[in-house]
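Subject: Structure handover

Hello,

Here is the structure for your review. Please load it before reading on.

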Amino acid sequence: MDLSSYLHAGYQNPTTRHWQTTGPITKKDLIFPVFIHDKPGKEEIKSLPGQFRYGLDTIEEFKPLVEKGLSCIMIFGVPTSLEKDNHGTCADAKESIVIQAIRKFKQLYPDLIVGCDVCLCAYTSHGHCGVLDKEGNINYPESTKRLAQVSLAYAQAGCDLIAPSDMMDGRIRSIKEMLLQNGLSRVPVMSYSAKFASVFYGPFRDAAGSAPSKGDRKCYQLPPGARGLARRALVRDAGEGADMLMVKPGYPYLDIVRDARDLFPDIPLAIYQVSGEYAMLWHAAQQGVFALQDGVMESLESAKRAGANIFITYFTPQLLDWLQQ
C-alpha cells in the first residue's frame with residue numbers, strides 16, 4: 001500500500017484529532033518549542049527573551065502550563081557533552097538528551113503530546129543537517145537513513161510526533177517506512193515541508209548551538225523567493241506520506257501557507273513562528289509599538305486566515321493565558 005494511504009497516524013489522540021478540524025484558534029492548536037540541554041538547571045537564552053534551555057531536573061516546571069491546557073511540545077536537543085561526528089551518532093545514543101527528555105515528559109505528563117524535531121545539525125561535527133561525503137557535499141542516501149534511525153529511536157522512547165526539519169530529499173518516505181516496518185505506523189510525521197533558508201533563524205541557532213561550522217544550508221533549505229520550488233516540496237512530502245505539513249518561517253511566507261492550503265485542503269497545516277519573528281514582536285512591544293498580546297494575536301490570526309491551523313510558537317505560555325480570557 002502507498003505510504004500516503006496510511007491515515008490513522010494523523011488522529012491517534014484528542015490533540016491530533018482536533019488538528020483535523022477547522023475553527024477559531026484554541027489552546028490545542030499550539031505547539032511549544034522546548035530546548036533541552038544536558039546540564040542541570042535552566043539557562044536563559046539572551047537572544048530569545050523569556051526562553052530557556054531546560055535541564056532534565058527542571059521538567060517538573062512545566063506542570064503549570066500543562067494545567068493551563070498545554071497539549072503539545074516540540075523538543076529540540078542541545079547536546080554539550082557528547083562527542084559529535086559526521087553521522088550525528090549521539091542523536092540516538094542511549095544517553096541522548098532527547099530520549100531521556102521524552103521519557104521524563106511522558107512519565108510526568110502522560111497526556112501531553114511530546115513531539116521531537118528530527119535533524120542532525122546539533123549532533124554532527126560540521127553542523128549540517130545531513131551526512132557529508134568526502135567532498136563535503138550532502139550524502140542523501142546516508143542522510144535519510146540516519147534520519148529514519150533517529151526517528152525510530154525517538155518513537156520507541158515514547159515520542160508522539162516526529163517532525164523532520166532537515167529538508168533532505170526523500171526523508172519522509174524513509175521515516176514512514178522505518179516506522180511502519182517496526183510496528184510504529186501510529187506515530188504521525190509532521191514534515192517541515194516548505195522550510196526556507198531564512199535570516200529569521202538567528203536566535204534559534206544561538207539557542208541550539210546548531211550553526212554550520214563551514215558553508216551554509218542554501219543547497220537544501222529553500223531560496224526565499226522560490227514559490228514554485230516550495231510548492232514542489234509540499235507535493236513531494238505529501239506524496240511520501242506526511243501526516244501534517246509545515247511552512248517555516250510563518251509571517252514572511254503567508255503566500256506559501258495559502259498555496260499549501262489550496263494544494264492540500266485536507267492535510268493539517270502548521271506554521272512555525274520562528275525565533276526571529278518572536279524577537280521582533282517581543283522587542284517591538286517592549287518599545288511601545290503595540291501591546292504584545294495584540295501583536296501576537298494578529299500575527300497568528302493572519303496565518304489562520306492564510307490557511308494554517310497549527311501554530312508552533314514561543315509565545316505558547318502567554319497564549320495559554322490570553323486564550324483563556
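This is a predicted model: local features need pLDDT of at least 70, side-chain atom pairs count only at pLDDT 80 or more; totals for chains, interfaces and linings use all residues.

Core. The largest nonpolar core has 111 residues. Those with the most contacts inside it are Ile73, Ile75, Ile102, Phe105, Tyr154 and Met190. Helix α4 (residues 140-157) gives this core its largest share, eight residues. Ile102 is worth a look. Leaving aside residues up to four places away in sequence, Ile102 touches Ile75, Val114, Cys116, Tyr154, Ala157, Gly158 and Cys159.

Cysteines. The closest cysteine sulfur to that of Cys119 belongs to Cys129, at 3.5 Å. A disulfide needs the two sulfur atoms within 2.5 Å, so this pair is too far apart for a bond. Cys119 counts as buried too, at 4% relative accessibility.

Helix α9. This helix covers residues 275-286, 12 residues in total. From first C-alpha to last, α9 reaches 16 Å, close to the 16 Å expected at 1.5 Å a residue. Is α9 mostly covered or mostly open? Mostly covered: nine of its 12 residues are buried. Among them are Glu277, Tyr278, Leu281 and Trp282. Ser275 and Gly276 are buried as well. Just after α9, Gly288 takes a positive phi of about 80°.

Best regards

How values were computed:
Residues are numbered from 1 along each chain as its sequence is written. Side-chain values use heavy atoms; hydrogens and water are left out. Helices (H or I, at least four residues) and strands (E, at least two) are DSSP runs, numbered from the N terminus. The expected span of a helix is 1.5 Å times one less than its number of residues. Buried means under 20% relative accessible area, exposed over 50%, partly exposed in between (1.4 Å probe, protein chains only). A nonpolar core is a set of buried Ala, Val, Leu, Ile, Met, Phe, Trp, Tyr and Cys residues joined through side-chain atoms within 4.5 Å. Contact means heavy atoms within 4.5 Å.
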